[in-house]
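Please keep the sequence and the model side by side while reading.

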Amino acid sequence: MIKSFGSKLASLSLMIMLTIPTTAMGGGAMSYNSEKPQEDAGDTEPVFQNVSVHDPSIVKDGDTYYVFGTHIEAAKSNDLMSWTVFTNGYTTPGNAIYGDLSKNLAASFAWAGENDSDSKGGFAVWAPDVFYNPDYINEDGTQGAYMIYYSTSSTYIRSAIGYAVSQNIEGPYTYVDTIIYSGFTEEEAYDANSKVNKKWTNTNLSSLIDSGALQGENGDWFNEDGSYNNKMYPNAIDPMILTDKNGKLWLTYGSWSGGIFLLELDPATGKAVYPGADSTTADGRMVDRYFGTKIAGGYFKSGEGPYLVYNKETDYYHLFDTYGWLGADGGYNMRTFRSKNPDGPYVDAAGNAAVLPGDVDHAAYGNKLMGNFLFKREVGDPGTGIGFGYKSPGHNSVYTDPETGKMFVVFHTRFPQRGETHELRIHQLFMNKDGWPVAAPYRYTGESLEKVDRQDIVGEYKFINHGKAISGDLIESSYIKLEQNNKISGDVTGTWKKTGHNEAELTIDGQVYSGVFVRGWDPMAEQYVMTFTAMSEQGVAVWGSRQEDKTDQQIADDIIADLELENTDAVIADLSLPTEGARHASIVWTSSNPDVVAETGAVNRPESGSDNATVTLTATVTKGSVSASKSFTVTVLPYVNAELTAKYSFEGNLDESTGSLEAGKVTGDRIDNTGGTITYAEGANGGQAAVFDGASGIRLPDGLIASNDYSVSLWVKPEQLTTYTATFFGARDANNWVSLVPKGSVGDNTMVWSGSESWYDGTTGLTIAAGEWTHLAFSVSNGTLKVYVNGEQKFTGSNFRDIFTTDSGAFSLGVNWWDAPFKGALDELQVFEGELTPAQIAELSNR
C-alpha cells in the first residue's frame with residue numbers, strides 16, 4: 001500500500017465481516033455430467049465464514065491454512081472457505097503475534113511505524129510474509145524456525161522491513177533485525193508530526209559501509225535537493241520470501257513509485273545478502289548495492305504487493321504485482337509476468353518488460369488477472385441487489401497444493417456499494433495452454449478441473465472482459481451465447497471450441513483467448529454453473545458464467561415477477577424506471593399523467609398546499625415475440641416549505657442569526673483542535689463572509705441536525721481546491737458522517753460525500769471554480785439526497801444513510817477529523833428542517 005490509511009479507512013479495514021451461509025440451492029440447478037464426481041464440488045452448498053485480512057499472505061502448516069496481513073490481522077482455515085481470526089490487532093502488550101509490540105519491534109519503530117507522522121497516535125505494521133525456514137539457526141544453536149518478514153511505515157516512502165522468528169506459526173515472534181530502510185535523505189530532515197531524523201546515517205547503511213558490505217554511499221539515492229529519490233528506488237514495504245527451485249532464498253519487496261526489488265537472503269540468519277556494488281543485469285536493469293535487483297515498475301507508477309511463485313509445470317517464476325490504489329474507487333487490479341530466473345527479466349504475454357522503460361502509461365504492461373467487475377443482476381435475474389462483483393481486488397499471494405497441484409490466488413477485495421469494507425477472497429488459478437495463470441470467475445468451493453461435456457457448455461453466458469485499464473469504474477457483464485455450431489453470438493461475436501478435456505479457446509474480434517471450462521458456485525443463482533476463464537496474447541482476461549436455459553416466456557414472466565417500485569405511496573423524487581430486464585428484454589413505461597410522472601420517471605411534484613397526485617405507471621416487458629405487462633399506482637406528495645432552524649451570516653462574527661443556537665467557535669486544522677483564526681471579507685451578497693486560512697475551521701453547535709429530513713445551504717468561494725476538503729461537515733461519529741466537498745473523490749466532482757456502512761457519492765458532474773462565489777445546497781428527505789449548484793439540481797439519489805440519529809452529532813465548517821482544511825470564504829450558512837422546495841432553492845441561490 002502506498003500510504004497509511006486515514007481514520008475513515010483504517011477503522012473499516014479492521015472490521016471482521018461474517019456472512020450467513022448461503023441458502024439452499026433451488027430446483028432450477030443445472031445438471032452436469034462429471035467424469036469424476038468424487039473430485040468436484042458436486043451440488044453441495046458451500047459454507048463460507050468471511051474475515052477481513054488486508055494484504056493477505058498465505059502459508060500452510062500441517063492441515064491448516066494461514067493468512068497473515070496488514071494491521072497485524074491473521075486468520076486460519078482447514079478448507080480455504082471458512083476462516084477464523086486468531087489475532088488481536090495492535091494490542092500491546094499481549095499482542096498475539098509480537099507479544100509486547102512496542103518493545104519487541106522497537107528497532108524498526110525507531111525509523112518508522114509507531115506514533116510518528118502518518119502513524120501518529122498508533123502503529124503501522126503492514127503486509128507480512130510468514131514461512132518455515134528449516135535452515136535458520138536459532139540462538140540456542142538448534143535449526144528451524146517460523147520467520148515473519150514485516151514492514152513498518154510512517155509515510156509513503158519512509159518505511160523499513162524487519163523480521164522476527166518463532167517456534168510456533170501463530171507466534172509470538174521475537175525480533176531479530178531490520179534489514180531494509182527507505183525514505184532516507186542526504187542531510188538532516190524531518191517529516192510532519194515526526195521527530196525522526198531522516199538522514200541516511202540513521203539507518204543500517206553506515207554499519208554496512210563500515211563492515212565492507214557496501215561500497216559506500218550511493219549519490220543516486222538522492223534528488224538534487226537531498227530528498228529521497230523515490231522515482232528510482234523503492235518504498236520498503238510488502239516483503240515476500242521465495243525459495244527458488246535450487247533452494248536459494250530471496251526477498252522481493254517494494255511499492256510505488258520506485259519499483260519492485262529482489263535481494264538474496266542468507267537462510268541461516270535471515271539477513272540480506274546485499275550486492276555491495278552497483279551494476280546492471282545483462283538486459284540493462286538496475287542492480288543497486290543496497291536495495292538489490294529491480295524486477296518491476298518505477299517512474300512513479302503504481303505497483304505493489306509483489307509475490308513470486310515457481311511453477312513446476314511451466315518451469316517459470318511467476319511475478320504477481322498489483323496496480324492502482326487500494327481504495328474502493330482506486331482501481332486496484334492484479335497483474336502477472338514471468339521469467340526463467342528469480343531475478344528476471346520478467347515479461348508479460350505480449351513481451352512487455354515488468355521494469356518500465358520510462359514515465360509511460362503502464363496500463364498496457366502486465367497480464368491483467370482480475371480488476372473491478374460486476375456480473376450485473378438485471379430485473380428478472382436470480383438473486384438480489386445489483387449483482388456479484390469486486391472492487392479493487394489485489395495485493396495477493398499464491399498457494400500451490402503439492403499433492404493435488406491446485407493453485408490459488410489469495411487476495412483482499414472491496415465490493416460494489418459497500419464502501420471500504422473488505423474481505424479475504426480465494427479463487428482457483430489454472431494454467432492455460434500458453435503457460436499463463438487465469439483465475440476462476442467465482443471464489444473457491446472445492447471444485448476441480450474435470451472432463452467437460454460439450455452439451456454442458458452450449459448456452460447463454462454473462463460475459464466479462466477485464467481489459468487493461470487501471471480504473472475505479474466497474475466493468476459490467478454483457479450477454480453472449482456459445483452456440484451449438486461453435487459460433488459466439490450476442491454482445492460480442494466470434495467462435496469457440498473445447499480442446500482436450502476442459503481447455504477453452506475463444507476467438508473474439510480476431511483475438512484468441514485460451515483458458516479452461518470449469519464449474520463454479522454462482523452466489524446469485526445459488527447453484528453451480530459452467531464458467532470459462534481465458535486470456536489473450538495481449539494479457540486480457542475474459543470470463544463467462546452460464547445462465548440457466550429459459551424460454552422467452554419464462555424470462556418475461558421472471559421479469560414481471562421481479563419488477564417492483566419502491567415507496568410508491570409517498571413519492572418525492574424522480575423514479576428509477578428500468579428499461580431493460582434479464583437477457584436484453586425491453587421494458588417500456590407508460591404514464592396515466594405524464595405531467596406529474598413522465599415515462600422516464602421524472603417527477604413534477606404539486607406545489608406547496610396542493611393535494612397529493614395519483615398516477616398509474618404501466619411497464620410492458622418484451623422478450624422476442626412475447627410481451628407481458630404490470631401496473632403500479634404511484635402517489636406523488638406536494639412540496640412542503642422547509643423551515644429555517646439555523647443561520648450564520650458571518651457579519652464580523654460567528655453568531656447564529658435566529659437566536660435559537662449558540663455561536664460558532666474557531667478551531668485549528670481539525671474539528672477538535674484549538675487555535676486557528678477566522679477573518680472577514682466582502683460576502684456573496686453584500687455584507688461580510690468568513691475567511692478560512694487553510695489551517696482553521698469553525699465548530700458549530702452539537703446537534704445542529706438531528707433528523708433524516710433536512711437541508712443545508714451556503715455560499716462557497718474556494719481560494720484553492722484540495723481533494724476531500726470539507727466546507728460543511730457533520731458526523732454522528734468518526735464512522736458515520738456527511739461532507740460537502742468542492743473537490744471530491746470521484747472525478748474531482750463537487751459532491752456530497754458520506755461514510756457509514758458504505759460510502760455514498762452524491763456527485764454533481766462538475767467542479768466549482770476557485771476564486772468565485774458558488775451557491776451549494778443539498779437536501780436529505782427520508783433517504784433521498786438532492787444536490788444543487790447555483791440553484792440547479794445536479795444530483796438525486798436514493799438509499800442515503802440516516803446519519804444524524806442523535807442530538808449530539810458534531811458539526812463544523814472547513815475542517816473534519818482527517819483532511820486538509822478549507823482555504824477560501826464561506827457565507828450565509830442556513831440549515832433547514834425538511835426538503836427545500838424549488839422556489840426556496842431559487843431564492844437562496846439568487847444574487
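K76 lies over the face of F86, at 5.6 Å from the ring centre, where a charge counts as sitting over a ring if NZ of Lys or CZ of Arg is within 6 Å of the ring centre and within 35 degrees of the ring normal. A second case is K340, found over the face of Y316 at 4.1 Å from the ring centre. This is a predicted model, in which local features need pLDDT of at least 70 and side-chain atom pairs count only at pLDDT 80 or more, while totals for chains, interfaces and linings use all residues. Residues are numbered from 1 along each chain as its sequence is written, and side-chain values use heavy atoms, with hydrogens and water left out.

The ring of F86 also takes part in an aromatic pair with Y66, edge-to-face, at 5.7 Å centre to centre and 90 degrees between the planes. Rings of Phe, Tyr and Trp (its six-membered ring) pair if their centres lie within 6.5 Å, and planes under 30 degrees apart count as stacked, over 60 as edge-to-face and the rest as tilted. Because Y66 lies in strand 2 (residues 64-69) and F86 in the loop between strand 4 (84-85) and helix 2 (101-104), the pair ties together parts that are 20 residues apart in sequence; helices (H or I, at least four residues) and strands (E, at least two) are DSSP runs, numbered from the N terminus. Both Y66 and F86 are buried, that is, under 20% relative accessible area, with exposed meaning over 50% and partly exposed in between (1.4 Å probe, protein chains only).

The whole structure holds 57 aromatic pairs. Among the other aromatic residues, F184, W221, F222, Y228, Y233, Y253, F261, Y274, Y290 and F291 form one cluster.

Turning to charged side chains, the structure contains 33 salt bridges, each defined as a side-chain nitrogen of Lys or Arg within 4 Å of a carboxyl oxygen of Asp or Glu. E420 and R414 meet in one of them, at 2.7 Å from N to O; E420 counts as buried at 2% relative accessibility, and R414 counts as buried at 0%. In another, the closest N and O atoms of R605 and E835 are 2.9 Å apart, and this pair links distant parts of the chain, 230 residues apart.
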